[in-house]
Number of protein chains: 2
Amino acid sequence: MYETIIIGGGPAAVAAGVYAARKQIKTALFASQIGGQSVVSDGIENWIGEEVISGPDLAIKLKKHLESQKDNIDLHIGENVDKVNKKEDGTFEVVVGEDIYETKTVLVCSGGRHRRLGVPGESDFEGRGVAFCATCDAPFFKDKDVAVVGGGNSGLEAVVDLIKYANKVYLIARKPDGGLRGDPVTQAEIMNSDKVEIIYESNASAVVGEAMVTGLKYKKNDSDEEHEIAVQGVFVEIGSVPNSEIVGEFVDTDDWSNIKVNFENQETSCPGVFAAGDVTNSAYRQNNIAVGDAIKALLSAHEYLKKNQ
Amino acid sequence: MYETIIIGGGPAAVAAGVYAARKQIKTALFASQIGGQSVVSDGIENWIGEEVISGPDLAIKLKKHLESQKDNIDLHIGENVDKVNKKEDGTFEVVVGEDIYETKTVLVCSGGRHRRLGVPGESDFEGRGVAFCATCDAPFFKDKDVAVVGGGNSGLEAVVDLIKYANKVYLIARKPDGGLRGDPVTQAEIMNSDKVEIIYESNASAVVGEAMVTGLKYKKNDSDEEHEIAVQGVFVEIGSVPNSEIVGEFVDTDDWSNIKVNFENQETSCPGVFAAGDVTNSAYRQNNIAVGDAIKALLSAHEYLKKNQ
């Protein structure tokens, strides 16, 4: 019987793992790989303490830190959790293929995945002009022409971030003129910028380029004719999907399947289950925030274990 | 008129500064120095991403990261904020000696200071056996004899952390037998450990040593006679004092002067003032948690600025 099982391999899971090992809590960690979603980034400028670090280099640093604690934590890298079952006595079964691991608490740090366009070129140019986080990557597009795909709130906020850096920002929105979502101030800021051109009632159909992105193709909602704009960057901002299915049956989630947490201590609706990072209903999707919240989750689990021995 | 003024120089303030600059918010940061409380640590093993890093080296990394953004943030290192005044129009004046800086929002990341014993040797041996954070430093005292000073909750939790590493743990408590505070499970764990010896009704009177700590002197409450125990570590766990005086007049604080925040977004009771880290009523005192919460604070301030232009 483990005291804690940590699910995930991003910065949040690694942080929880390091703290669990140092607290000598009997812990296992399951992850497909170490690094998280930003492992694909060319350069990360907002991992606090590093002026700039590539996604792969950050993953290596995280992995080394975690592995330095391996005497006090069972690391199962390359093993995916299929499901967590809640037992009647308040403990849990973590199902990994044919194997079942028992544990008193579960830390869900399984992250999210960006909702993708699913169009040709999107994956090929990821990290080479295709980006999924304007807060992270806007500064890399100084004086460039870029397109943001997505007329929802995250799309509009990406445009605002990019106005400050880019030469020209196209916004590709499915809705007609007047149908943009997002708060009025953000909308006004976008409307008032002469850098922005909104292409309404349209859907991205392909990302094109050679070594790097050179353009974005799109179609009008009611037509098969393909148009192309010349851009060096494409920000896909059509939402994200939390990896919450593994506990979704017995842990409360919001309308978007994000695990609801108590923001003070990262408890979920189910005693013994804690969550942090992009799998939760936190308003933020940032590596350092996920790290901080995961440490809170682990320290809360530690408290829970003391009280439920 | 600044959009944001960040007060503090620890990891939280640096994180907020980096994000503010990248968001191109017009920002100034005031700090006596960069590094925060852990700048005195010999080795930090729980700064996520680094297996081990000294306090000074962490401070250098933080400073470099912050200075890399200096085109987009006014850095006033070596300048202390004396006071913040709230104006009738909802903006603020930040007073620094003779100078006054106006700003729309304030981020209080001014941290806390450990309450100190104020006995001979305490400062001399800080980082050389005298420690203030068991979660951070317990693993460095493997197989050593240590003393924890403080019979409150943080003292008891320090003992629990140390039981797992140390050879012997003395607890110096002012209260008589039966008078310890802290939750019952923690108390039971301490009572049941044959590593722990509790010295009741006593006060630390001096830390002694040569290159490193070799002992702790104490006196019984009602006596001037000095006793000495041979230890290699002394954990001072008598609470911490938040540096909240600068805004304490118009921002709600709890009974210990910690700034009360909304844990979801780090808002305080005063619109336009946000806080993160050891100056707040967060249950946690950890570098990475302060960093994550400071980024939330900055992103909340960014939202606030958009809505109150």
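The structure is a predicted model, in which local features need pLDDT of at least 70, side-chain atom pairs count only at pLDDT 80 or more, and totals for chains, interfaces and linings use all residues. Residues are numbered from 1 along each chain as its sequence is written, chains are lettered from A in the order in which they are written, and side-chain values use heavy atoms, without hydrogens and water.

**The two copies**

**Helices α1 and α6 of chain B**

Helices (H or I, at least four residues) and strands (E, at least two) are DSSP runs, numbered from the N terminus. Two packed helices are described by the angle between their axes and the distance between the axes. The axes of α1(B) (residues 11-22) and α6(B) come within 8 Å and cross at roughly 35 degrees; axes are lines fitted to C-alpha atoms, for helices over the stretch in contact, and angles run from 0 to 180 degrees between N-to-C directions. In α1(B), the residues that meet α6(B) include B:Ala16 and B:Tyr19, where contact means heavy atoms within 4.5 Å.

**Aromatic pairs**

Over all chains there are eight aromatic pairs. Rings of Phe, Tyr and Trp (its six-membered ring) pair if their centres lie within 6.5 Å; planes under 30 degrees apart count as stacked, over 60 as edge-to-face and the rest as tilted. Two of the pairs are listed below.

| Pair | Centre to centre | Angle between planes | Class |
|---|---|---|---|
| A:Phe92 and A:Phe250 | 6.1 Å | 25 degrees | stacked |
| B:Phe274 and B:Tyr304 | 6.0 Å | 75 degrees | edge-to-face |

B:Phe274 lies in strand β17 (residues 273-275) of chain B and B:Tyr304 in helix α6 (residues 287-307) of chain B, so the pair ties together parts that are 30 residues apart in sequence. Both A:Phe92 and A:Phe250 are buried, that is, under 20% relative accessible area, with exposed meaning over 50% and partly exposed in between (1.4 Å probe, protein chains only).
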